[in-house]
Amino acid sequence: MRKRGHHRHAGARLTAGPRTNVLALVVPLRAGAHDVVVREFVAAAISAAGARDHALLLVTAEEGPAALRRAVSDSVADGVVVMDVEAADPRVPVLLGLDRPALLIGVPDSPRGLGCLDLDFAAAGALCFGHLAGLGHEHVALIGPPPAAYRRGSSAATRLAQGFTAEAARRGLRSTTLAWGDTHWRTLRGLDALFAHHPDVTGLVVHNETALPAVLASLQHRGLRVPEDVSLVAVCPGSLTAHSLLELTCVAIPAREIGALAVETVIGQLDDGTAPGTRLLAPRLTPGASTAPPRLP
């Protein structure tokens with residue numbers, strides 16, 4: 001059954017014994033991870049589980065499918081929530097063989113019947129580009145997470161970039177996609193290279209919460225004003241924009257909402273034995289003071 005990718009129905013498992021009211025939350029702690037997103041997600045999941053008289057077992061190992069199998073299959077968890085999903089996620093076959101409900105935060109290329117929940121990052125990328133294009137910007141650059149996230153096929157990173165570039169192509173406008181780390185000097189060098197090769201870029205979309213402060217500081221270092229010289233849209237938890245000196249135009253990542261929904265979905269799956277399917281939350285853009293029409297030459 002495991003070789004063919006079959007798995008026992010969640011409702012059938014419930015007849016095997018009593019429930020423990022414990023859920024496993026798989027949170028790989030990788031370098032360059034979106035720390036605020038992870039913290040808000042975990043906090044909301046713990047709160048939602050407690051409200052339903054459930055406990056959460058945190059599994060933070062990132063050694064791969066074997067570690068996941070050991071950590072979860074030997075535990076008392078009734079169901080599993082898995083974060084940081086990749087396009088070709090090697091944990092999918094493991095989850096299918098665990099004989100318990102599992103929910104992915106993200107959408108792999110082949111979920112094979114597992115439930116998926118996330119922000120619609122492709123729509124978010126299109127929404128960001130469309131907002132700036134609507135203001136008159138004709139060349140917009142996306143500053144994404146570090147290159148390792150794209151190499152892993154991070155669901156959020158790749159889907160947002162795809163939506164961003166597809167919207168640019170649909171409108172017949174120019175787009176540039178970049179990936180770098182979060183240090184100030186790396187960001188400064190990255191912006192230097194961006195504007196040296198693409199001096200006509202007038203809009204930025206930043207989908208890298210750890211690099212966001214460095215991007216704002218580096219623009220100031222270059223003497224570029226936001227939004228007079230460069231408009232900027234941030235894709236990050238809404239709580240981050242509250243700590244910025246400038247009210248940022250933002251597409252908020254609803255980490256708290258997703259964390260609570262993930263717990264509710266798995267508990268619901270345990271209660272009635274139905275597969276949850278895929279649910280993508282529609283993105284919402286909140287205009288701020290960081291975007292404006294481009295300055296006339």
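The structure holds 1 aromatic pair, where rings of Phe, Tyr and Trp (its six-membered ring) pair if their centres lie within 6.5 Å, and planes under 30 degrees apart count as stacked, over 60 as edge-to-face and the rest as tilted. This is a predicted model, in which local features need pLDDT of at least 70 and side-chain atom pairs count only at pLDDT 80 or more, while totals for chains, interfaces and linings use all residues. Residues are numbered from 1 along each chain as its sequence is written, and side-chain values use heavy atoms, with hydrogens and water left out.

**Aromatic pair**
- The ring centres of F129 and F164 are 5.3 Å apart and the planes stand at 80°, so the pair is edge-to-face.
- This pair links distant parts of the chain, with F129 in helix 5 (residues 121-134) and F164 in helix 7 (residues 155-171), 35 residues apart; helices (H or I, at least four residues) and strands (E, at least two) are DSSP runs, numbered from the N terminus.
- Both F129 and F164 are buried (under 20% relative accessible area, with exposed over 50% and partly exposed in between; 1.4 Å probe, protein chains only).

**Cysteines**
- There are 0 disulfides (pairs of cysteine sulfur atoms within 2.5 Å) in the structure.
- For C128, the nearest cysteine sulfur is that of C250, 8.4 Å away.
- C128 counts as buried because its relative accessibility is 0%.
- For C236, the nearest cysteine sulfur is that of C250, 4.1 Å away.
- C236 also counts as buried, at 1% relative accessibility.

**L281**
- L281 lies in strand 11 (residues 278-281) and is buried, with a relative accessible area of 9%.
- L281 and D120 are 161 residues apart in sequence, yet 5.5 Å apart in space, C-alpha to C-alpha.
- Not counting residues up to four places away in sequence, L281 touches (heavy atoms within 4.5 Å) D118, L119, D120, P254, E257, I258 and L261.
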